[in-house]
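Let's take a look at charged side chains and how they pair up. Have the sequence and the 3D view ready.

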Amino acid sequence: MASATEQRDGAVEYEMSTHQRGLIDTCLEEGQFESAITLLEQLRSPSRKPTIAHIRQLIYIALQPEHPPSINDMVYTDVPASPSKATLKKRIPSGTAVLAARRLLNSFAITNTPEAISAALPFYDDLKKEESITPDDGSLESVIGPQSMCIARAKNAWSILAEGFTQRGQVLSMQAAKGKKRFHTLNEEDDPGGLENAVVGKDAWPTLSWLITLFEQDEVLTHARGSGRFSNLLLRQLPPPRNGNGPRWDTEVPLRIVFFCMEQTDVRRKALGSRLLTQLINLSATPHLDLTLFVASVYSHLTAAELEKLPALLSNLCLSSAVYKFKIVLCQRLLSGSGHGQLRNGPTRVKARALRATKPEENVVPQSTESITSAQSTKSHIPSFKEVQRSLETTTLSVGITQSILLRVKFELLTSYGILQSELASAERDSDWLNLLRAGGVNNIINSAFGSHSEDGRAYREVLQAIMLVSLITGVN
């Protein structure tokens, strides 16, 4: 009996028929990747989900280079043997197949449910991961079936993006002197791509974009169910607490990817970092991810040099109440310097702290529980205006931080606080803030924070005065 999942509109999403799967499997067994991808595209339907094995092999193909290496120079095989060139050629997807696989994955992300497509991805709370993975779906008959199992065995979805991931664990056959060959097995310590510690390989950017699209689609569906705007698929890519209870807090790996994106010159790659950070922020607005520890993790990545990227990072975030809360907490942390007077010289790992035990998380939190807990979390993370005012009085940030960054941090803090206050219910708004608006004392705060005669702060003053005028109209009613 074919398994099924619920579609976006409540319809049922069934698996492909045995005949349909067989046609695709035959192409994959013969190394006809382009034909297999064409068949999958023709069979793509909201009512039919592709098999896990086919998605896994699509991901494997998508991670390959658009310009495959010559088999005369370097060959990856499963055993230290010397197969014929014709056999080896079957195992190397063409550039056309690689591009087609990437396009098809994006199409599936829109046509089918994120749950169905993401089933081929590794995740932390997979109870079967520790077991020996030997698929009985016939995928090992495919010429790339055994190699594609590296995806199922990975620790998480971030791992498959790393440089040289699909080459690790395979045997590398390289030409040596006098026609002899030498063999070497690639392991985690090897760097076949020549880009040490690259968290996103040069051929993995389209796959990262696809992952983020999956998370975004999952956010939309979760929000439509009335459970808040967050991705449960993204949550499963974060390690659970060691005791299995309470919110998750370890975001080190996805944050490394965010900041790696921000280092790129390609604006599309920078945008991927902002999109992923936005999804993490949305998750931090729920009981599933600790906001304070999440902000601490972001702070630990912001060295003096990386702070220069802060304006671009904050400007590209999708505006929402969750983003405003995140900006307030982060800016306060930056202005306070965490009480040490200077930022760290480099990224550090955030230590865990004791968390109040809660009931184990479920995949989807019921709407009533989610709404109540989220509202309590929102209120607890909004500082009083007196606290914000003390932060705005900061005149120096940290050693090596420019005046322009200091002004930008203050600007983000005050605008985020003002807009968030205007969105709160009347009973939840800060009384000191409301009194300041009614008394017309906002300009004094702005001039004090940005300098009444400072040329550097003039642009910020003008924008803030316009924003606060709107807050005066909407915020006191």
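Which side chain meets Glu163 in a salt bridge? It's Lys202, with 3.1 Å from N to O. This is a predicted model, where local features need pLDDT of at least 70, side-chain atom pairs count only at pLDDT 80 or more, and totals for chains, interfaces and linings use all residues. Residues are numbered from 1 along each chain as its sequence is written, and side-chain values use heavy atoms, leaving out hydrogens and water.

**The rule and the count**
- A salt bridge here is a side-chain nitrogen of Lys or Arg within 4 Å of a carboxyl oxygen of Asp or Glu.
- By that rule, you get eight salt bridges.

**A link between distant parts**
- Glu163 sits in the loop between helix 7 (145-152) and strand 5 (171-175), while Lys202 is in the loop between strand 6 (181-185) and helix 8 (205-224), 39 residues apart.
- Helices (H or I, at least four residues) and strands (E, at least two) are DSSP runs, numbered from the N terminus.
- Glu163 is buried, at 6% relative accessible area.
- Buried means under 20% relative accessible area, exposed over 50%, and partly exposed in between (1.4 Å probe, protein chains only).

- Arg268 and Asp266 form a salt bridge, their closest N and O atoms 3.0 Å apart.
- Arg268 is exposed at 64%, and Asp266 is partly exposed at 23%.

**Inside helix 17**
- Glu412 pairs with Arg408 in a salt bridge, with 2.9 Å between the closest N and O atoms.
- The two are about one helical turn apart because four residues separate them in helix 17 (residues 403-423).
- Both are buried: Glu412 at 4% and Arg408 at 17%.
- Shared partners join Lys327, Arg408 and Glu412 into one salt-bridge network.
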